[in-house]
Each structure stands twice: as C-alpha cells, then as structure tokens.
Amino acid sequence: MPDKKPISSVNDFVVRFANVNGSGSASANEMFARAILRHGVPVSPRNIFPSNIQGLPTWYEVRVTEEGHLGARGGVDMMVAMNPQTWDKDVAGIEPGGYLFYDSTKPMPSTKFRDDITVIGVPLTAITNSTYTDPRQRQLFKNIIYLGSLSALLDMDPKLIEQLIGEQYKGKEKLLSSNIHALHLGRDWALQNLKCPIGLRVKKSDKVGDRIFIEGNSAAALGAVYGGATVCAWYPITPSSSVAEAFTAHCKKYRHDPETGKAKYAIVQGEDELASIGIVIGASWNGARAFTATSGPGISLMTEFIGLSYFAEIPAVIMNIQRAGPSTGMPTRTQQCDIIACAYASHGDTKHVLLFPEDPAEAFEFAAAAFDLAERLQTTIFLMLDLDIGMNHRLCRPLKWDDARQYDRGKIMTAEMLEEGRDFGRYLDVDGDGIPYRTYPGTHPTKGSYFTRGTSRDRYARYSEEGTVYADNMQRLVRKFETAQDLVPRPLQANAERPTKYGVIYFGSTSPAMDEAIGLLEARGHQLDRLRIRAFPFHSSVASFLAEHDFVYVVEQNRDSQLRQLIVNENGIDPVRLVPIVHYDGTPITARFIAKAIGDHQDHLKVTPLRKAVS
Amino acid sequence: MTYIAKPKFHHPGLKKNELGYTHRDYEGKISTLCAGCGHDSITASIIEACYELSIEPHRVAKISGIGCSSKTPDYFLGNSHGFNSVHGRMPSVLTGANLANRDLIYLGVSGDGDSASIGFGQFAHSIRRGVNMTYIVENNGVYGLTKGQFSATADRGSKSKKGVTNTDNAIDLVAIALQLGATFVARSFSGDKSQLVPLIAAAIGHKGASFIDVISPCIAFNNHAGSTKSFDYVREHNDAVNRLDVLVGRDPIAVDYAPGTVQVVEQHDGSKIALRKIDADYDPHDRLGAQTFLARHAAKGQIVTGLLYVDPDAEDLHEHLNTVETPLNTLEADTLCPGSAVLDKINASLR
C-alpha cells in the first residue's frame, strides 16, 4: 500500500501516456479519449511530441473533466509509462497518491518506483508475445491491450470502446475482430489479476451534449472550403502542414464536379514559403480566393510579399499555426509568439488584420470570414492559430453554416460598370472608407486595366514618386485600417458578479484555461472582468475596457507580452496599468498558472494596514 | 518618361489585324529605359507578335519581377493588366494568377538577375510544374538599375565596364530549362527581330511552359569590349539552328522553301510553326539532342539561337491538377460551398 492515500476521483483526473514516437500508440490513445467522450464525459487531450519521426519520446495527455475544463490542468494522476527512456521523469511527475501503470513483463528494481503512488503492473509484452508472432502486430496490439486493461481499471464500459473500434474498422472485418480480441485480452487480464476499479473512475454522464471533437487545423481547412477558397499554396512546416493536408482531403470529398470529376480547386505544394505566398497573391490579384498555411519561420520568409499585399492592396489569407520561436525554436511546442511579427509584418509602415480564434469552432468561422475580409479590405488577413488549438482534438460546439450566406467579394468594378462610364481609379477612395475599387485582369477591352506595382503611384495607378501623392495614399491606407476595426470580430466581455476595478484581457487558445482560472480566482476572493480579444485592429471597446479598470492583466503565451505591447502601442495608454501575465515554456497555459500569477499580484495590491500587520 | 502622355492619334491608313486592331493598340507607355536598350527591341517584338496573332490585348496578363526588364510590361499592351511584383518572384505570382483564371494568356517578363540569381528557384519550379506561360528573360548579364554589377548569366572571364573580370561560372538558363522539362525552349537576340517575333508568337501559341532567353545588350553597362553580351560579341558568335514563321489560320507555306529544309510543327492551339532549318541535322523534338547540341556549341564559344526544343503535345499544370474548365475566379458559393446539410453530417461524424 502506498504511504499516501490513493487519489479518488470520478470523471475528474489526468491520464498521461508516455510512448515512443512511431510505435503506433497515437490511435490507441485517441481511442481512449474518444471512449470517455462516449460515456458523456468531456475530455481535453493534448499531444506532446518531439520533432522526430521515430524513436524519441512522445506523450499524450487526457484530461477527464466532467466540469468541462478544456485547458491543460497540469499534474498527472495516472501515468501510463510505456517508454523506458523517460521512466524516471515520468514516475517523478505523478501527483502524490497517483497511479503508475506499466509493463511488468521484466522485473523492475523497487528503487524505480515511489512509495506514495499506486503501482499497477500488467505483463503487456508477455501477453502480446504469447498471442502474436508478427513483430508489427505485437507492437500495435500491445497498445490496444493496455487500452483494455485501462478500461477495467477505470471502470469504463467496454461496449463503448468496441463500438468505436467497429466504426474505425468498418468493412475491415479481420482488423475489427482482432482489435476487439486484443482489447479483451488486456481487459480480462486486469479483471482477473488486479483490483478493479481503482480510485480514478469514469462514470456515465451527459455533459458532452451535441459538441464535436475536432482538431483546429482540420476545422480551419474546412472553413476555407466553406469560405470558397479555390487556390491553396503551401510549404510543409510543423504545426501547420495538417491544414493543407486537411484542405486537400476535404476538397477531394466536397469539391469535385459530380459529372466531370474535375477539381474546383487547385492545391500546389510550393518550393518554399516565398513561392507559396507568391502564388496566393497572384491568384488573389486575379480574383480567386487563395490562402496559405504556415508557421513562424514561414511568416519570416513571406514578409516581403506581405508588404506588397498591404501596399498594392491584394487580398491574401495566411493561416499561422504558431509555435515557439525564434528561429526554428521549439517546432513542436505551442506559443502565441508571432503577434508583433504578424501585426507589423514587412518593411515600411505596415499593419495587418489578425484574427484570434479560441477553438476549432471559431477557427472554422474565422477561416471562412477571413476570405470575405481579405476581399473586402484588399489586404492580408492572418488567422492566428497555435499548435495547442491546431494539432489537438478539442471539444467544441458544432460547426454551423447559413445556406443563405453569399461571399462578400468586395469592391469589384465590372465590365458593365466600366461601360456605364464609372470613374475607375484603382487607388481612388470613392466611398470614404479607404477602400478603392479593383478590376480583375481581362475585364474589358479598353477600360479598367492598370499596372500593379509595389512602388508609389497615384490614385489612378500611374507611377509617381511625388511625396504628396505617396503620403496621400499612405493616409488612405490608415483610413482603410480604421474601417477594418468595425468589420472584424468584436471582443467579448464577461463581467464579474460584483463590480471590480480589475480586468483581464486574453485571446486564442488561452480561453479555456482563463475561464477555469476565473473560478479559482473567485474562490480566492478576486473578482475580475474579462475581455477576450478576437481581432486586431482593436475595436473601440478595448479602449473602453481599459478606461473602466485600474489594472488590467494581459494573459498570453509568449515572453514579451506581445499583445500587451500592441495594445499599449495602438491605444497610447500608460503601460503600468497593463500587467503582463506570460507563460512561454512551450506547454499550453494552465488555469493553475493563471490563477496563481494573477492571485499573487492581487494579494500584493491589497496593502495590509501597518497596525494590523504588527499586532 | 511615363508621365508624358503618348499621343493616341495615328495614321488612318495604318494596317489592321483580323480583330481590326492596329499596332498602336498593342503599345503601352513610353519607355523609361536608356535610348538604344535591347529591352526596348524585345518590347517591340512582343507588340509585333501579339498584333500578328490578333490577340485581344486585354486577354493577356503581363507579370514581371524587379529590374530594368521587369519595367517593360508597362511599355506594351497598355490595355492589359500588368503586375510588377517582387524581385525574383514573377514565376510564383504568375503561377497563382494562372491557377485563378486559365483563360488568359500569361506573359512573364524577367531579367537575368531576376531569374538566374534571386529568383533561380522560382524560375526552376515554375518550369518543372509546366505552368502555361511564355517566360521571357531579357538577358544582359548585368544589373542595370543598380549600375553594373555582374549577374549570374555573365560568362566567366568576361569584363565589367569597370574592368573587373568575372570569375564565377555562368548559368545558362536555356540549358537549365531543357533539363527541367520546359516544353518550348528557345534563345534569340534582341537585335534580331525577324527571328524573335515568330519565336514569341510560337511560344504564346504553345500550351505549357515556354521559355525564351533573349540576349539583350545593356548599352549603359555591358556593351564594351570584353563583354560577352555586347551587340558586337553576340552578332559575331550567334549560331542560329533555325528560323521560323508562325502561321495562324493560313495554309502552310512550305512551298516557299526548298524541300528538306522546312519542318512544320502544329501546335495545340492549331497554329503552325514553319521551321526553316539552317543546321540540317537539328531535330527540335529531341530534348537530349538539344542539350548535347547546346553544350557542344557552348564549348566552342558559340551562342546557339532559334527554337531548340518543342513538344507540341505538352500538358500544363491545370491538366496535372485536373481543374475544371471554368476559371476558378468565377466560381461562387453555389458551386464551392458544400452547405449546411453536409456540415451536419460532418458534425455527426465528429462525435
């Protein structure tokens, strides 16, 4: 018996799987997470993986959370330790009173365990080797066997797992039956040899509702399909590659002409990010909806073109799945670290529209909206995802689409309008919103053509190096950016129960951890109003929020508090009133971290009277 | 200068093509390049070729990078949309434009710095993808706008105007284009309009990646003794393999030439190229032969010009991608968006 009472918890615990990259564990682990969802219990899984194909350690963490806290929690209640390389660290990471599940085929010295945890050994290798002879089968089925054992230990309904296996191997009878066999091998062994269930248990509930379980990158790619993207150019880079791959898969299903079989899209894997954005800009210049997906280093390479898009006013959609930088940084770890790089990307005076979805559902909505915004504003729109949203399955509300919705193609001067004698100046602000009309190449035999340049030109696109002409154009671009403020998704505010002088600003993947942290902070007696920023340029409500509060915490996942810098810079406010709360070690931010950082600062603000302190 | 308006009136008796357009309808703004620049001769050849082909000017998209050559699209086809993009990146912008609307004619204009140095990668990859385009490099071996630095096509041993000898090996874009699978490869000389005009016309008619390297002497920085891209040097070392005529909607005129010296090539768009062979053994359908021929002549210091290779049955990127015939830029939500019923099914599969 451990010398610490074993943790006892129903539908609220964290299981972490420690595996070797390339061992086929990912699908078994994902099935574990899905099986819990089928019990009606929300889960929040996360991949923690190396920049490697095979051999290096990889972890998969499943937070089981009846309350629906989808942020990372921190700490591990049960470790499924399948990787000898990381054994010591994995064992050390278990919460006191937690559980260690391991392959007990080979005896381990007692020094390799801890006294304050419950150790559960299942001879996985022995069971596998006595059943299978093929080495690949041995490896794959070992994963299903531990899934079976866990189902017994955690009191899960095996029928729900069988159902999942049935869906996965539909029509592949042989694989189906052999997987179910493996599942029961592990389950039966546990039931016969171990005390089941343990203190951690999964109990059927109804907290999942109609929510869906999807990765942000796949949702964003689907948003591009629904948003009418027809050209995609990309260059492989983690963690963004799966956007283009998902777009390809979705297009194969939904974008082929049923009669001719021909594709209503074009996808090109560029030779680099320069070519990818060049193709996007060429396609958009010519009137197609085009996008690329990339990550920090790709953004760096694209910046010359991004400046061209801004100045020559060509739509472009860039999905930036952020990862830790600088340079190649930690390519497989999450951060929100490209805020400044994207907001002001390129040389000269530039500003760009950024969208910050909080989860896959918003990634879908914002991805589709990005194409409308890009064509309306004739500029680059960044969809700012990160690895945490992009590459993890996240429980979110179902995706929605209004069939009456038409695409906003922006201000296009057509041949008919030109025939009517409408005055066409490519950079002429006719409506006072800073947005000029454009023509597509090939529109009219004698009217509406113009020469697109990255160098200065007048309102009628005629080359000019006159200072006043240049400044006039730059001022119009400022007006256009002001117009953008009212077109982009607005911030969402949620006020504390009682009026408070304190506020918190956050965005993107921090959302679920922030929501949970609010509860923890309230328990400590701290009241905070919340503002979730969903886009840059900032709506005027951001300035109002700042004015209404003495101190505002800005919670973000980078070292330099980049969103705070942007807020200070764009609103011209006293930086002292904006308190940075930053998390940047490459792991997703947790409620525990936020609550501690803000709570400590709040405690510090509450000055204890001197007399009371000495008495 | 471009801000000086070019007078629009012209002689009433000016010849018209099939569409009723005159030469003037294919012109652009007044060139801002140095008087006598080879590039202006290429501009004149492009105008001539488009006039001859009776192309509707606005159905051409002219795309360039940065440099003297890349300025020239402003000087021809004034009723076409032009895009003076980013240094070395014309090929990617053109590729994207082509994907958006397969119905236009794409003319990529670049220089040796733009294509052989900063944009070497994009040059290579647009060729190997088979983008349907006419890619013209106005090759003077020198950086003109920044005043006389060597480019990557400058021959080893050639001298700059300041007397510096180039010690780096030259890149022959024609040889590279052949190796990368361009389906129409030619070289010409800006001073040889009778050869260049039909080559441009044939390249426009070709479906697939057409590449023409045009040696175009820079009269300001690369037209001196010791240069291998000067008017005198090129005239002395030019070795034409063939001369050609492009026949649109007319009967082949093979009869005009002695049998055995004329080869008619029918292109995908129905136009015919009549090749008057100068080198009787030269076969323009033999990629490997063209590469060997080129290398053998380069070793002798000869600049081979003419149509070096053509594959009349070439495929382009749209065929590789199996895209619909309708230009992608005309598709709207009704054909692009799978709709809410499909989304409900997707949602159901994600539970």
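Helices (H or I, at least four residues) and strands (E, at least two) are DSSP runs, numbered from the N terminus. The views come from a predicted model, in which local features need pLDDT of at least 70, side-chain atom pairs count only at pLDDT 80 or more, and totals for chains, interfaces and linings use all residues. Residues are numbered from 1 along each chain as its sequence is written, while chains are lettered from A and ligands numbered from 1 in the order in which they are written.

**View 1. Chain B contains twelve helices and 13 strands.** The radius of gyration of chain B, taken over C-alpha atoms, is 21 Å, close to the 20 Å given for 351 residues by the globule rule (2.2 Å times the number of residues to the power 0.38), so chain B is as compact as a globular protein of that length. The C-alpha trace of chain B spans about 75 × 50 × 50 Å along its principal axes.

**View 2. Chain B and chain A meet in a contact that takes 49 residues from chain B and 54 residues from chain A.** Residues are in contact if their C-beta atoms, placed from the backbone, lie within 7 Å. On the side of chain B that touches chain A, two or more residues are given by each of strand E2 (81–84), helix H3 (90–100), helix H5 (120–129), helix H11 (333–336) and helix H12 (339–349) of chain B. H3(B) supplies the largest share of that side, eight residues. By class, the side of chain B that touches chain A has 21 nonpolar, 22 polar and six charged residues (Ala, Val, Leu, Ile, Met, Phe, Trp, Tyr, Cys and Pro count as nonpolar, Asp, Glu, Lys and Arg as charged, and the others, Gly among them, as polar).

**View 3. An open sheet of nine strands includes strands of chain A and chain B.** The order is E17(A)-E2(B)-E1(B)-E3(B)-E4(B)-E8(B)-E7(B)-E13(B)-E9(B), and the pairing is mixed; two strands pair if DSSP finds at least two bridges between them. E17 of chain A and strand E9 (238–240) of chain B stand at the edges with a single partner strand each, so one side of each is left without a neighbour in the sheet. From one strand to the next, the twist averages 20°.

**View 4. Strand E17 (residues 451–453) of chain A pairs with E2(B) in the parallel sense over three bridges.** A:Phe451 has B:Gly82 of E2(B) as its bridge partner. For A:Thr452, the bridge partner in E2(B) is B:Phe83.

**View 5. Helix H1 (residues 25–38) and helix H4 (residues 135–153) of chain A pack at an angle of about 20°, with axes 9 Å apart.** Axes are lines fitted to C-alpha atoms, for helices over the stretch in contact, and angles run from 0 to 180 degrees between N-to-C directions. H1(A) and H4(A) are therefore roughly parallel to each other (under 35 degrees). The contact is made by A:Ser25, A:Ala28, A:Met31 and A:Phe32 of H1(A) with A:Asn143, A:Ile144, A:Leu147 and A:Leu150 of H4(A).

**View 6. Cis peptide bonds in chain A include the one from A:Thr238 to A:Pro239, with omega near 5°.** A:Pro239 lies in the loop between strand E10 (231–234) and helix H8 (241–254) of chain A. A:Phe536 and A:Pro537 are also joined by a cis peptide bond, with omega about 10°. The loop that holds A:Pro537 runs between strand E21 (535–536) and helix H17 (540–548) of chain A.

**View 7. A:Ser346 is not a glycine, yet has a positive phi of about 90°.** A:Ser346 lies in the loop between helix H11 (339–343) and strand E14 (353–355) of chain A.

Key:
Angles under 35 degrees count as roughly parallel, over 145 as roughly antiparallel, 65 to 115 as roughly perpendicular and the rest as oblique. Two residues are in contact if their C-beta atoms, placed from the backbone, lie within 7 Å.
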